[in-house]
Amino acid sequence: MTDKSQSCDQKCSSCSSCSDHSCSEARAKEARFLAQMAKIKHKILVLSGKGGVGKSTVAVNLALSLALEGRRVGLLDVDIHGPSIPTMMGLKGAHAAFANDRIIPLEVANVKVISVDFFLENTDDALIWRGPMKQGAIQQFLEDVEWGELDYLLIDCPPGTGDEPLSVCQLIKGDTHAIVVTTPQEVAAADVRKSINFCEQLGLPIVGIIENMSGFVCPHCNKVTNIFKQGGGENLAAKAKLPFLGRIPIDPLIAECSDAGSPMIHKHPDSAMAKAFADIIQPLLALPEE
Ligand code: ADP
């Protein structure tokens with residue numbers, strides 16, 4: 001047996017000789033986690049510098065668009081303090097089930113969904129959690145949820161560069177990318193640059209930038225009014241030498257569908273938004289397998 005006090009670096013994967021019981025348990029746990037991560041081909045963090053730019057809306061509709069292409073998709077909501085995925089997916093008030101000590105994700109339109117909301121008795125309860133508690137919850141969502149084999153796990157992060165995206169980046173193993181969502185205004189773009197720097201510092205490759213709320217198409221005359229200017233996302237992408245994935249117009253139906261829990265991609269498959277997503281997902285579909 002290795003003398004743990006002298007040589008154990010607490011990284012069980014680096015040690016094969018230790019027979020300490022807690023160490024071997026930790027090794028088995030880590031092996032299970034690595035096996036679980038290996039079953040998920042691509043993990044995609046959906047990030048934004050600011051709240052309210054449509055990050056969750058994008059995450060939901062990306063997940064559904066990929067599922068419509070026949071891909072196996074999971075959607076993990078790590079927005080611990082303001083989860084909106086359950087409402088948008090029509091799962092408000094739903095609870096996760098458990099089987100054999102594993103968490104069974106809820107499923108909508110072939111997308112497996114997990115959010116902290118599914119574990120609250122009352123969905124209006126406020127979670128007052130500090131960093132380590134949030135990290136523990138995110139770890140459980142990655143480790144203990146029965147995701148099964150997935151082509152994509154979309155991870156909807158809270159806005160900014162705080163604990164949650166950092167925890168995901170530190171915990172997750174294997175092929176991981178980010179998609180950054182912005183609106184066209186310069187104030188949003190300034191915050192998005194921080195998200196881009198965050199990804200660069202963590203070595204997280206960015207698939208590209210999506211510009212949401214890009215121009216309002218009048219439902220009566222089809223005239224486009226650029227309420228928030230246009231081109232902020234594209235300029236940002238050009239400056240950061242990142243792909244620009246596409247723009248999604250402002251459409252009151254998008255908010256209506258989100259509130260009703262009936263995602264736009266399904267309810268209005270011929271909408272400009274649905275068409276935009278058909279193009280936006282192409283780089284994701286083209287991601288090489290590890
Ligand atoms: P975030 O996750 O960045 O905080 P959400 O996805 O929750 O933003 O979107 C904020 C609000 O804006 C929601 O009510 C959503 O329905 C609405 N919304 C998002 N994108 C659009 C859009 N393109 N057109 C109209 N409303 C939108």
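Q: How many residues apart are K194 and D191 in helix α7, and by about what part of a helix are they separated?
A: In this predicted model, K194 and D191 sit 3 residues apart in helix α7, which spans residues 186–202, and that spacing separates them by about one helical turn. The two side chains form a salt bridge, with the closest N and O atoms 4.0 Å apart.

Q: And is each of them buried or exposed?
A: K194 counts as exposed, at 53% relative accessibility, whereas D191 is buried, with a relative accessible area of 18%.

Q: How many salt bridges does the count come to?
A: The count comes to 12 salt bridges, and one of them joins the side chains of K41 and D151, at 3.1 Å from N to O.

Q: Where do K41 and D151 lie?
A: K41 belongs to strand β1 (residues 40–48) and D151 to strand β7 (residues 150–156), so this pair ties together parts that are 110 residues apart in sequence. K41 is partly exposed, with a relative accessible area of 29%, while D151 is buried, at 8%.

Q: Which residues are linked with that pair in a network?
A: The network of salt bridges links K41, R72 and D151.

Q: What about K55, which residue does it form a salt bridge with?
A: K55 forms a salt bridge with D156, and the closest N and O atoms of that pair are 2.9 Å apart. K55 lies in helix α3 (residues 55–68) and D156 in strand β7, so the contact ties together parts that are 101 residues apart in sequence.

Q: Are those two buried or exposed?
A: Both K55 and D156 are buried.

Q: Why can such side chains pair at all?
A: Side chains of opposite charge can pair when their charged atoms come close.

Q: Switching to the ligand, which residues come nearest?
A: There are 16 residues around the ligand, and those that come nearest are G52, K55, S56, T57 and P249.

Q: What is the make-up of the shell by class?
A: By class, the shell has 7 nonpolar residues, 7 polar residues and 2 charged residues.

Q: Which atom of S56 lies 2.8 Å from an oxygen atom of the ligand?
A: For S56 the atom in question is a backbone N or O atom, 2.8 Å from that ligand oxygen.

Q: What lies 2.9 Å from a nitrogen atom of the ligand?
A: A polar side-chain atom of N212 lies 2.9 Å from a ligand nitrogen atom, and a backbone N or O atom of P249 also lies 2.9 Å from a nitrogen atom of the ligand.

Q: Last topic, how many disulfides does the structure hold?
A: The structure holds 0 disulfides. Taking C169 as a case, the nearest cysteine sulfur is that of C199, 6.9 Å away, whereas a disulfide needs the two sulfur atoms within 2.5 Å.

Q: Are C169 and C257 buried or exposed?
A: C169 is buried, with a relative accessible area of 18%, and C257 is buried too, with a relative accessible area of 5%.

How values were computed
Residues numbered from 1 in each chain as written. Predicted model: local features only at pLDDT ≥ 70, side-chain atom pairs only at ≥ 80, totals over all residues. Heavy atoms only, no water. Buried < 20%, exposed > 50% of the residue type's maximum accessible area, 1.4 Å probe, protein only. Helix = DSSP H or I, 4+ residues; strand = E, 2+ residues; numbered from the N terminus. Near = heavy atom within 4 Å. Polar contact = N/O pair within 3.5 Å; in protein donor to acceptor, adjacent residues only side chain to side chain. Nonpolar A, V, L, I, M, F, W, Y, C, P; charged D, E, K, R; others polar.
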